[in-house]
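Try each task yourself before you read the solution.

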Amino acid sequence: MSESPCRDDRADQVFSLNITTLPGISEKRKKLFAKLGVETIGDLIWLVPRSYNDWSRRKPVSQLKEGEVAVFEAAIDNVPSLTRRGRLSYIRARLADDSGSVQAIWFNQPWLAEQIKRGERYVFRGRVEGSGRKRSVNSPEIRKEGEWNFALEPVYPLTAGLNQSQVRQSVASVFSRRGLVITESLPPVIRTGHQLATADYALRRIHFPESHHDIAIARRRLAFEELFLLVAGLKSLKAGREDERGPALSLSPDVLKKLNDQIARLPYELTASQRHAVDAILGDYRRLSPGNRLIQGDVGSGKTVVAAMAMAVACWNNYQAVMMAPTTILAEQHAESIASVLEGSGLNIALLTSGMARSRKRLLQEALAEGKIDILIGTHAVIEEGVRFARLGCCVTDEQHRFGVRQRVRLTGTGEDVPHVIVMSATPIPRTLAMILYGDLDITEIKDMPTGRQPVITYTAAEKDRARVDQLIGREIDRGHQVFVVCPMIEDSPELDLHSAEAVYGRLSAEVFPDRRVALMHGKLKAREKAEVMRRFDRGEVDILVSTTVIEVGIDQPNATLLVVENAERFGLSQLHQLRGRVGRSDLRSFCILMSDSEDPLVRRRLTALCKNSSGFAIAEEDLILRGPGDVFGVHQHGIPDFRVANLYEDGELLKEASAAVESVFLEDPRLEKAENRVIVAEFKARFGDRLIRPGL
Ligand code: ADP
Ligand code: MG
């Protein structure tokens, strides 16, 4: 990498240069910038200001009001005085204009005493404190008129050790490179058709705007660009899959008969939604290219049986299928329930977990490679490490967003056919976002719940209600049902006054229910111990299971009718909804009690939202309102990257516009092969390529 800046900098060359090629970036500062996600000059150019300080709206000194951050022009009216107290110091000075004067005080900036001189005029910006004779301005920033040309000064995200002026200087030094040209990243027709500023203009103005109008124009262009590139990129991934060869599955009358017989053998009727989901998957199977389908359905909507049937159809075609779960417990549960819904199918189902003895693992792997196992179920990690299939036809991932790592499905034995991918998720997302979150997947929603299901009756309770909660637990056990108690942590901690699983377990097992079967489960137990507890719970040999959130996802025990959440304020809305899905999984009346002494209005609103709503979608909307943009429900879990400018909630209209633009491009050029459209795929990969969490990418 060259140390000296080139004369005529083209963006594509400059963007990838390390920031250490800029003046004043030491190794130490490089590390600090890395914390902001800035490693290259391109990253720095895209380090978009959080806000702007407006230095243009100035006030006469007499008008400065307590509490406001004010900008005013004034002269230093006396000789600034520096006072030192050990390592601390402060400078006082009087600032005056024609209208009046005000005291200013700067803490711990002794060098300023040398720089500001009596009689000189400056522009100041700072918070006004006190009123009347006590009025002062606290550590105002100082600018000399003429030295800083920008009325709107960018305010950047910072990290400890890096200050505004350092970041501003670095950004300014990039843009002051002679001949820096920022190449366009949108096809020309799109840019002009949607009346968007050029990339060069927008990126310069977002850092150095001359007016609020400039900022709006720049923001719109950059947000559009991000949304457009992501939606278009996802769509091109999907189009690219049309060229791949999927497994050759035939839905012969014989296979369809097997499927219908299998479904008829279930102890219940499939809901219309389940039937529809199975049909959608069969539709994918009929095509030559591999399918990539998201099955989205609230907790308890019955996704597992859909996956089981999908896998069975692949296997009846002499392919293999795999199902990956986020935890060992879930994998074991899936193995059991899939074996049960596929009873009589003649298919060979195996479970692979990390706790398994090596020799057994090896046998299993051999059997898989030889095609002797039809359906393999296990955790993602275990399956990814060294498992090879003879002929993989279908890959199901459950609660995929939980994996939290980038996923690739590289499981095929021969590497020829790409398997059908089915992703199951219970995290509801507002419909408007589905397109951008899952633009590359086909989506099927499971809307209706199995018949006979009643919403889980949800209450809030406080410590003073403890005796009644214990009574309720006792009542459910007397009815022969089982109870979950979920705690925010495993052990008591001196810093946090929370109910730990161990303490709650101790209290319930020794004091409250000494003659009931109480069990404890948490993440620190060995895989084998966890499995043993779950087995006992499944067999009905445990009345009360005290646990941490390890039970959050997918656990299926229809006999569990009461869930108590301790310190419910510690959990997010989506997490509570997931937890609550552990009960109400049969036609038995089920209850959820959210214990919390918190009086925080946001917490109360969150808990009330759960009491009032049973649908995950309604809760997702509420969560969106409560949390606001930034950390919205499920977005990160869904693997959507952070945008630098776009905001999925505020830019809804722009998202529609960008999506329409994407449609128009694909209509003319479905494979993005035209010269002017190639930039789209390149930019999409550069921006989002390694930040997307997706199977099959
Ligand atoms: P989830 O969608 O949360 O993964 P599961 O697949 O675990 O839901 O199903 C929840 C429960 O509902 C299981 O006990 C399952 O046997 C049962 N179930 C699934 N489909 C039906 C149905 N159509 N009618 C009745 N019960 C069903
Ligand atoms: Mg499930």
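A quick definition before we start: a crossing of two helices is called right-handed if the near helix is turned clockwise from the far one by less than a right angle, and left-handed if it is turned anticlockwise. Also keep in mind that this is a predicted model.

**Exercise 1.** Work out how α10 and α11 run relative to each other, and which hand their crossing has.

*Solution.* 
- Step 1: Find α10, residues 272–286, and α11, residues 303–316.
- Step 2: Take the geometry: the two axes are 9 Å apart, at an angle of about 30°.
- Step 3: Angles under 35 degrees count as roughly parallel, so α10 is roughly parallel to α11.
- Step 4: Apply the definition from above: α10 and α11 cross in a right-handed way.
- Step 5: See who touches whom. From α10 come Gln 274, Ala 277, Val 278, Ile 281, Leu 282 and Tyr 285, and they face Val 305, Val 306, Met 309, Ala 310, Met 311, Val 313 and Ala 314 of α11.
- Step 6: Sort this contact by class, and you get 12 nonpolar residues, one polar and no charged.

**Exercise 2.** Now describe how α9 packs against α10.

*Solution.* 
- Step 1: α9 covers residues 253–264, and its axis comes within 14 Å of the α10 axis, crossing at roughly 160°.
- Step 2: Anything over 145 degrees counts as roughly antiparallel, so that's the label for α9 and α10.
- Step 3: The crossing of α9 with α10 is right-handed.
- Step 4: On the α9 side you'll find Leu 256, Leu 259, Asn 260 and Ile 263, which meet Arg 275, Val 278 and Leu 282 of α10.
- Step 5: Class by class, that's five nonpolar residues, one polar and one charged.

**Exercise 3.** Which residues are closest to ligand 1?

*Solution.* 
- Step 1: Of the 16 residues around ligand 1, the closest are Glu 269, Gly 300, Lys 303, Thr 304 and Arg 585.
- Step 2: Check the polar atoms. A backbone N or O atom of Glu 269 sits 2.7 Å from a nitrogen atom of the ligand.
- Step 3: The side chain of Thr 304 has an N or O atom 2.6 Å from an oxygen atom of ligand 1.
- Step 4: Finally, Arg 585 places a polar side-chain atom 2.7 Å from an oxygen atom of ligand 1.

Note on methods. Residues are numbered from 1 along each chain as its sequence is written. Chains are lettered from A and ligands numbered from 1 in the order in which they are written. This is a predicted model: local features need pLDDT of at least 70, side-chain atom pairs count only at pLDDT 80 or more; totals for chains, interfaces and linings use all residues. Side-chain values use heavy atoms; hydrogens and water are left out. Axes are lines fitted to C-alpha atoms, for helices over the stretch in contact, and angles run from 0 to 180 degrees between N-to-C directions. Helices (H or I, at least four residues) and strands (E, at least two) are DSSP runs, numbered from the N terminus. Angles under 35 degrees count as roughly parallel, over 145 as roughly antiparallel, 65 to 115 as roughly perpendicular and the rest as oblique. Contact means heavy atoms within 4.5 Å. Ala, Val, Leu, Ile, Met, Phe, Trp, Tyr, Cys and Pro count as nonpolar, Asp, Glu, Lys and Arg as charged, and the others, Gly among them, as polar. A residue is near a molecule or strand if one of its heavy atoms lies within 4 Å of it. A polar contact is a pair of N or O atoms within 3.5 Å; within protein, one must be able to donate a hydrogen and the other to accept it, and residues adjacent in sequence count only if both atoms are side-chain atoms.
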